[in-house]
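Have the viewer open as you read.

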Amino acid sequence: MDLLFVILGGILIITGILGSFLPVLPGVPVSWAGLLLLYLAPSVPVNYLFLGVTLAIAILIYVLQLVIPAMGTKRYGGSKTGMWGATIGLVIGIFAPIPFGIIIGAFVGAFIGEIINKSDSRSAVRAAFGSFIGLLASTFMEFLVAVGFLFLFIYKIWEYSDVLFQT
């Protein structure tokens, strides 16, 4: 039973790392579910502090991934309308059945938001570029946290290897 939880947890951890780049998967929350599965293994004692802290990190990173593209829009001269457009475009892009929907959605959303705000097309493109930069930064941040969860997973497996892999 322990081995099943370890294998499923490992699959979720790897899926979470891939999800940090693929817009259809929430990378860090999926990686956290892999950590949770490890602690559901009967031989591993549940550490509520560890799970609570990593869950808080997963939630924070997930929220930041939605907020940072809007902050990039603002940093590159966008208005609140452009920030809202970037956020709405990002969410729509997550569900759009097109390649790179999340990138295109955030960019187009910021651009449309700036055009609605009566900005000229040059400043609208600049704000949309800021949204793109913010999206790249949030993706990189999510990737780093997902890889960090992988290292924690491996460390915990190593720590409990004597009880997890008994013959």
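Let's settle one term before anything else: a residue counts as buried when its relative accessible area is under 20%, and as exposed when that area is over 50%. Keep in mind as well that this is a predicted model.

**Starting from L38**

L38 sits in helix α2. Is L38 buried or exposed? Its relative accessibility is 0%, so L38 counts as buried. Setting aside neighbours within four places in sequence, L38 is in contact with V6, V44, F153, K156, I157 and L164. Take V6 from that list: L38 and V6 are 32 residues apart in sequence, yet their C-alpha atoms are 5.5 Å apart in space.

Two packed helices are described by the angle between their axes and the distance between the axes.

| Helix pair | Axis angle | Axis distance |
|---|---|---|
| α1 and α6 | roughly 165 degrees | within 8 Å |
| α1 and α2 | roughly 170 degrees | within 7 Å |
| α2 and α6 | about 10 degrees | 9 Å |

What do those angles say about direction? An angle over 145 degrees counts as roughly antiparallel and one under 35 degrees as roughly parallel. So α1 and α6 are roughly antiparallel to each other, and so are α1 and α2. α2, on the other hand, is roughly parallel to α6.

From α1 the contact takes F5, V6, L8, G9, L12, I13, T15, G16, I17 and G19, and from α2 it takes G27, V30, S31, A33, G34, L35, L37, L38 and L40. How many charged residues are in the contact of α1 with α2? There are no charged ones, alongside twelve nonpolar and seven polar residues.

That leaves α2 and α6, whose axes are 9 Å apart. α2 brings G27, V28, S31, W32, G34, L35, L38 and Y39 to the contact, while α6 brings E142, V145, A146, F149, L152, F153, K156 and I157.

**The nonpolar core**

In soluble globular proteins, nonpolar side chains tend to be buried together. Which residues touch the most other members of the largest nonpolar core? Of its 23 residues, L35, F149, F153 and L164 do. At least two residues each come from α1, α2 (27-40), α3 (48-75) and α6. α2 gives the most, with six residues.

Not counting residues up to four places away in sequence, F149 touches I13, V28, S31, W32, L35, T54, I57 and A58.

The next stop is E114, in helix α5 (residues 101-116). Its relative accessible area is 1%, so E114 is buried. Leaving out residues up to four places away in sequence, E114 touches G78, S79, G82, S119, A124 and A127.

T139 belongs to helix α6. With a relative accessible area of 16%, T139 is also buried, given that the cut-off is under 20%. Beyond residues up to four places away in sequence, T139 touches S20 and F21.

M1 lies in the segment before α1. At 65% relative accessibility, M1 counts as exposed. M1 and A146 are 145 residues apart in sequence and 25 Å apart in space, C-alpha to C-alpha.

Where is F100? Look in the loop between α4 (80-95) and α5. F100 counts as exposed because its relative accessibility is 61%. Between F100 and L22 there are 78 residues of separation in sequence and 8.7 Å in space, C-alpha to C-alpha.

Technical notes:
Residues are numbered from 1 along each chain as its sequence is written. This is a predicted model: local features need pLDDT of at least 70, side-chain atom pairs count only at pLDDT 80 or more; totals for chains, interfaces and linings use all residues. Side-chain values use heavy atoms; hydrogens and water are left out. Axes are lines fitted to C-alpha atoms, for helices over the stretch in contact, and angles run from 0 to 180 degrees between N-to-C directions. Helices (H or I, at least four residues) and strands (E, at least two) are DSSP runs, numbered from the N terminus. Angles under 35 degrees count as roughly parallel, over 145 as roughly antiparallel, 65 to 115 as roughly perpendicular and the rest as oblique. A nonpolar core is a set of buried Ala, Val, Leu, Ile, Met, Phe, Trp, Tyr and Cys residues joined through side-chain atoms within 4.5 Å. Buried means under 20% relative accessible area, exposed over 50%, partly exposed in between (1.4 Å probe, protein chains only). Contact means heavy atoms within 4.5 Å. Ala, Val, Leu, Ile, Met, Phe, Trp, Tyr, Cys and Pro count as nonpolar, Asp, Glu, Lys and Arg as charged, and the others, Gly among them, as polar.
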